[in-house]
Amino acid sequence: MSWRADILTIFPSMFPGPLGESLAGKALAEGKWSLNVTDIRAFGLGRHRSVDDTPFGGGAGMVMRPDVVDAAISAVADERPLLFLSPRGTPLMQARVRELAEGPGAVLLCGRFEGVDQRVIEARGAEEVSIGDYILSGGELPALVLLDAVIRLLPGVMGHAESGVEESFSAPLLEYPHYTRPALWDGRAVPEVLTSGNHAAIAAWRMAQAREITQTRRPDLYKDYSLGVHTHDSLGVHTHDSLGVHTHDSLGVHTHDTLHPGPPRPKSPFRKGH
Ligand code: SAH
């Protein structure tokens, strides 16, 4: 059975939104994943289908009621993980994305207003997930972000070569920079090594770039990398670089792993021969 996403929201028309386009949209149409959106308001109370109320203890804003949210969860919950998108949650990392992609799917609860009554989060054992240290006005965009990250990893969604490589290789480094035609643009040439045809030199250059960029921009990731702590794989390293980017060198001294043949790489524009 294909990967199943359930969304609980008071704005169902926000789905599939951007996930109806491009790779995710095609995969949805092909049944590689499925989407079921439930309007929490259908479980709302009274004539106005009310889903929220004022906070105990006072303060600004409204809070989503536990009874209403619980009824909505009951309508769809099964063995899949229940995730509550929340700025108070565990930051979403690629490792968790990967785990979710390997599972049967997920139920995603989108908060609005000041959030959701904490009791229903606890009672349901929901996993709180944040997409970053900033506050959005609702959990719908975070749910779309999480789904996008998962869907591109599902079997057959990305190009075969790319996804295969992605499964096998990952590294806690940011990715090296990319270049395509024209080789000279606006007075700027692409780095010479990339047009050299010397694959070992290109691999070494990309590796050096990945390390340098990570060290400058994300010293936190670089520290893990140099210590060989690969508990999560980070943002950008996709991985048609089989370049020894995942070489574990605990001294921070890179050992060029360029002998590793690795999986086939997508063709560089410079190797297409025109
Ligand atoms: N008062 C809350 C913010 C509520 S924002 C606080 O200060 O923590 C309303 C809803 O938007 C949240 O319930 C959550 O579902 C969603 N949301 C906002 N920012 C988010 C983020 N960074 N990651 C995931 N969900 C977020």
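**Close-up views of the predicted model**

**View 1. Asp-186 counts as exposed, with 5 C-beta neighbours inside 10 Å.** The model shown here and in the following views is predicted. Asp-186 lies in the loop between β8 and β9, the latter covering residues 188-189. Its phi is near 55°, which is a positive value in a residue other than glycine. Most residues other than glycine have a negative phi.

**View 2. Ser-22 also has a phi near 55°, positive although the residue is not glycine.** Ser-22 belongs to helix α1. Is Ser-22 buried or exposed? There are 11 other C-beta atoms within 10 Å of Ser-22, and 12 or fewer is the criterion for exposure, so the residue counts as exposed.

**View 3. Two peptide bonds to proline are cis, Phe-15 to Pro-16 and Arg-181 to Pro-182.** For the bond between Phe-15 and Pro-16, omega is about 0°. Pro-16 sits in the loop that links β1 with α1 (22-29). For the bond from Arg-181 to Pro-182, omega is near 0°. The loop between α6 (160-168) and β8 (184-185) contains Pro-182. Most peptide bonds are trans.

**View 4. Five strands form an open sheet in the order β2-β1-β6-β5-β7, with parallel pairing.** At the edges stand β2 (33-39) and β7 (127-130); each has a single partner strand, so one side of each is left without a neighbour in the sheet. On average, neighbouring strands of this sheet are turned by 35° against each other, direction ignored. Strand β1 (residues 3-9) runs parallel to β2 and is joined to β2 by 7 bridges. Within this pair, Leu-8 has Thr-38 of β2 as its bridge partner. Helix α5 (residues 140-151) packs on the sheet and touches β1, β2, β5 (82-91), β6 (105-110) and β7. The direction of α5 makes about 165° with that of β6.

**View 5. The largest nonpolar core has 44 residues.** Val-69, Leu-83, Leu-108 and Leu-109 have the most contacts inside this core. Helix α5 supplies the largest share of the core, 6 residues. Which residues does Leu-108 touch, not counting those up to four places away in sequence? The contacts of Leu-108 are Ala-5, Asp-6, Ile-7, Leu-8, Leu-83, Leu-85, Ala-143 and Leu-146. A second, separate core has 11 residues, including Tyr-176, Ala-203, Ala-210 and Leu-221. In soluble globular proteins, nonpolar side chains tend to be buried together.

**View 6. The ligand is surrounded by 19 residues.** The closest are Leu-85, Gly-111, Gly-115, Gly-139 and Pro-142. Which strand provides the largest share of the shell around the ligand? Strand β5 does so, with 4 residues. By class, the shell holds 9 nonpolar, 7 polar and 3 charged residues.

**View 7. The chain as a whole, for orientation, has 8 helices and 9 strands.** Of its 274 residues, 31% count as buried. Among contacts in the chain between residues at least 6 apart in sequence, 76% join residues at least 24 apart.

Note on methods:
Residues are numbered from 1 along each chain as its sequence is written. This is a predicted model: local features need pLDDT of at least 70, side-chain atom pairs count only at pLDDT 80 or more; totals for chains, interfaces and linings use all residues. Two strands pair if DSSP finds at least two bridges between them. Helices (H or I, at least four residues) and strands (E, at least two) are DSSP runs, numbered from the N terminus. Axes are lines fitted to C-alpha atoms, for helices over the stretch in contact, and angles run from 0 to 180 degrees between N-to-C directions. Two residues are in contact if their C-beta atoms, placed from the backbone, lie within 7 Å. A residue is near a molecule or strand if its C-beta atom, placed from the backbone, lies within 6 Å of it. Ala, Val, Leu, Ile, Met, Phe, Trp, Tyr, Cys and Pro count as nonpolar, Asp, Glu, Lys and Arg as charged, and the others, Gly among them, as polar. A nonpolar core is a set of buried Ala, Val, Leu, Ile, Met, Phe, Trp, Tyr and Cys residues joined through C-beta atoms within 7 Å. A residue is buried if 20 or more other C-beta atoms lie within 10 Å of its own, exposed if 12 or fewer, and partly exposed in between; C-beta atoms are placed from the backbone.
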